[in-house]
Amino acid sequence: MTMEAAIPKNLAELKCLLKNVDENTCFISGGTDFIIKMRGKGLYNINMIDLSGIEELKYIKEEDNFLKIGANTTFSEIEFSPIINKYFKCLKESAEKVGSTQIRNTATVAGNIAHASPAADSIPALLSLDAKVKTLNEFGQENIRELDDVVIGLEKNNLKVGEVITEILVPLKYKRYKTSFVKIGSRSTVTISKLSISVSLKYEDKIKDVKVAIGSLGPKAFRSKISEEVLEGKVFTNELLEEFKNALEKQVDLSIPTRQSRPYKREVIRGIGEDVFKNIFG
């Protein structure tokens, strides 16, 4: 039983390491989920590449019509970023609810995506912002991939052998949108999400281009089309809020029809649906 670890200091070193990876290679950045997974699944006979030393992958910037977040950016850095606080409220709200302060200081957004937990806080927020994922493969090629294509199921991602996440891209058009993220867990703090929802929409005279993403309601976070259809093109009223809550309740029935948690989640999703709209519309 052996474990070997490499800690590249820059992208050039990482590209060299990627040429020799195999099925037994694991990548970590913050590593907050990996240690638990390693112990639970007995992942000791592996080669590990720790990306956390690559400062080139730690940034938040506006460039080429995108908000670009480097893969090594921590949730604390997202939580306190001035641009994210001002323009991307749902992303800030999701980041500040990740674990404890110590975890937020270490855990990275790319690690949250790659781990692909259905309870991951960042994924619904990023889905509601139509975020893309940039990856780097063993040939040194960069690719832009859909977030929904990278996260495929219960702690499963669609990254190929030798492919790592280097950047998350959020279209800057969402600076003009109203957004909010709400979750509920078993405790008020340091809690794993039992249900979460993130909404983005453009509101002038009517609701436009609405996106509703739900987490912890199945093997992966997803966009709720039936909830979006209820809101699209409508004027916000209390009656519309009730229709929205009914659509969310229906989404629970469609997503987990036989789960014992269904009655609980039918009630909870109505509550967090109302909370998210109070955050958006006041």
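Select Ser-198, in strand 12 (residues 193-203); strands are DSSP runs of E of at least two residues and helices runs of H or I of at least four, numbered from the N terminus. The model is predicted, and local features need pLDDT of at least 70, side-chain atom pairs count only at pLDDT 80 or more, while totals for chains, interfaces and linings use all residues. Residues are numbered from 1 along each chain as its sequence is written, and side-chain values use heavy atoms, with hydrogens and water left out.

Ser-198 has 0% relative accessibility and so counts as buried (under 20% relative accessible area; exposed is over 50%, partly exposed in between, with a 1.4 Å probe and protein chains only). Beyond neighbours within four places in sequence, the contacts of Ser-198 (heavy atoms within 4.5 Å) include Cys-90, Pro-124, Ser-180, Phe-181 and Val-212.

Next, show the aromatic rings. The whole structure holds six aromatic pairs, that is, rings of Phe, Tyr and Trp (its six-membered ring) with centres within 6.5 Å; planes under 30 degrees apart count as stacked, over 60 as edge-to-face and the rest as tilted. Select Tyr-203 and Phe-281: their ring centres are 5.1 Å apart and their planes at 85°, so the pair is edge-to-face. Tyr-203 is in strand 12 and Phe-281 in helix 12 (residues 262-281), 78 residues apart. Phe-281 also pairs with Phe-236, stacked at 4.1 Å centre to centre with 5° between the planes. Phe-236 lies in the loop between helix 10 (225-231) and helix 11 (238-255), so this pair ties together parts 45 residues apart in sequence.

Now display helix 11 and helix 12. They pack at an angle of about 145° with axes 9 Å apart; axes are lines fitted to C-alpha atoms, for helices over the stretch in contact, and angles run from 0 to 180 degrees between N-to-C directions. Among the residues making the contact are Leu-241, Phe-244 and Leu-248 of helix 11 and Ile-269, Gly-273 and Phe-277 of helix 12.
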